[in-house]
Amino acid sequence: MVTPTANPTANLAPIGRLTVAGLGPGALAQITPEVATALQDATDVVGYLPYVVRAQALLHQAGADSAVRLHASDNRVELERAQQALALAAQGRRVVVVSSGDPGVFAMAAAVFEAMENAPPAQAAAWQALDVQVLPGITAMLAAAARAGAPLGHDFCCINLSDNLKPWPVIAKRVQLAAEADFAMAFYNPRSVSRPEGFVRLLALLRTHCEPQRLVVFARAVSTPDEQLRVCTLAEAQPEMADMRTVVLVGNSTTRRVGRFTYTPRFYGLPTESPGPSPSPAASFTPGNTP
Ligand code: SAH
């Protein structure tokens with residue numbers, strides 16, 4: 001007797017998809033095509049309200065906003081938002097969690113994996129089986145650096161000044177060691193209304209390790225209509241020059257100005273004059289050291 005072959009997928013829960021996408025610093029033109037496609041294919045968009053609004057604007061521009069469900073939430077509820085997104089995806093929906101900039105830089109990608117790791121036991125297997133993708137975006141420091149010239153043109157590091165998630169002594173140690181190692185530095189979340197003193201302490205700390213002429217770029221709301229770029233020396237830098245929409249770039253000891261641009265030379269500890277006429281492109285190619 002021949003028994004009918006069972007459909008092997010009939011009893012399985014639908015496999016949802018969770019995409020964690022970076023919307024870039026502000027302008028719709030700085031959203032990658034990959035992220036735009038994921039948004040257009042989404043059933044649900046989850047995120048902090050201003051980013052959901054930005055995603056909606058992109059969908060509207062593409063004429064694709066009618067069917068998608070929007071789930072906007074408050075700034076400080078990253079973990080709950082990540083759990084909500086995982087739960088929706090586990091129901092079989094195509095969910096996009098939006099972050100500004102890059103989702104892996106002080107943003108939702110880590111929160112999603114944290115929620116997955118701490119899933120309620122009944123959900124753990126389903127959440128880990130989801131098709132999860134993290135799609136990169138243009139992070140604030142790179143958008144800001146591009147506006148200024150090339151202040152991150154040599155080795156640099158990037159530090160989150162929010163002490164909600166780590167204590168000040170950890171921040172202070174990282175800043176001190178980065179300054180001693182002469183890294184250029186990018187500071188995210190520099191100064192909020194609820195913790196104005198952290199950035200004051202940061203400037204004081206930088207002044208003990210760096211010379212007064214060290215260049216500092218305050219880049220506010222880059223690629224939005226409110227964009228402001230201000231370059232000054234460490235001696236001139238004032239706490240009020242930063243807020244939560246600002247990323248602060250501090251050059252290394254070789255960072256300089258040329259015309260209206262700020263840049264950090266590629267050469268360090270070597271003669272800084274022009275390296276002379278370039279050899280042919282083929283002859284000058286060094287793996288891992290391409291421009
Ligand atoms: N994931 C984001 C960073 C989130 S933390 C990214 O990759 O850019 C939020 C901080 O990012 C802000 O406090 C600010 O320091 C910085 N930031 C985000 N967008 C910015 C913009 N358009 N201009 C300047 N700084 C920005």
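A backbone N or O atom of V247 lies 3.4 Å from a nitrogen atom of the ligand, a polar contact in the sense of a pair of N or O atoms within 3.5 Å. V105 also uses its backbone: a polar atom there is 2.7 Å from a ligand nitrogen. T139 uses its side chain, with a polar atom 2.6 Å from an oxygen atom of the ligand. Taken alone, the ligand exposes 540 Å², and the protein buries 91% of that. These areas come from the Shrake-Rupley method with a 1.4 Å probe.

This is a predicted model; local features need pLDDT of at least 70, side-chain atom pairs count only at pLDDT 80 or more, and totals for chains, interfaces and linings use all residues. Residues are numbered from 1 along each chain as its sequence is written, and side-chain values use heavy atoms, without hydrogens or water.

Now the shell. Around the ligand stand 19 residues, each with a heavy atom within 4 Å of it. D102, V105, T139, M244 and T246 come nearest. By class, twelve are nonpolar, five polar and two charged. Here Asp, Glu, Lys and Arg count as charged, Ala, Val, Leu, Ile, Met, Phe, Trp, Tyr, Cys and Pro as nonpolar, and the others, Gly among them, as polar.

Charge pairing comes next. Side chains of opposite charge can pair when their charged atoms come close. The count is nine salt bridges, each a side-chain nitrogen of Lys or Arg within 4 Å of a carboxyl oxygen of Asp or Glu. One of them joins R17 and D41 at 2.4 Å, N to O. The pair links distant parts of the chain, 24 residues apart.

Notes: Polar contact = N/O pair within 3.5 Å; in protein donor to acceptor, adjacent residues only side chain to side chain. Helix = DSSP H or I, 4+ residues; strand = E, 2+ residues; numbered from the N terminus.
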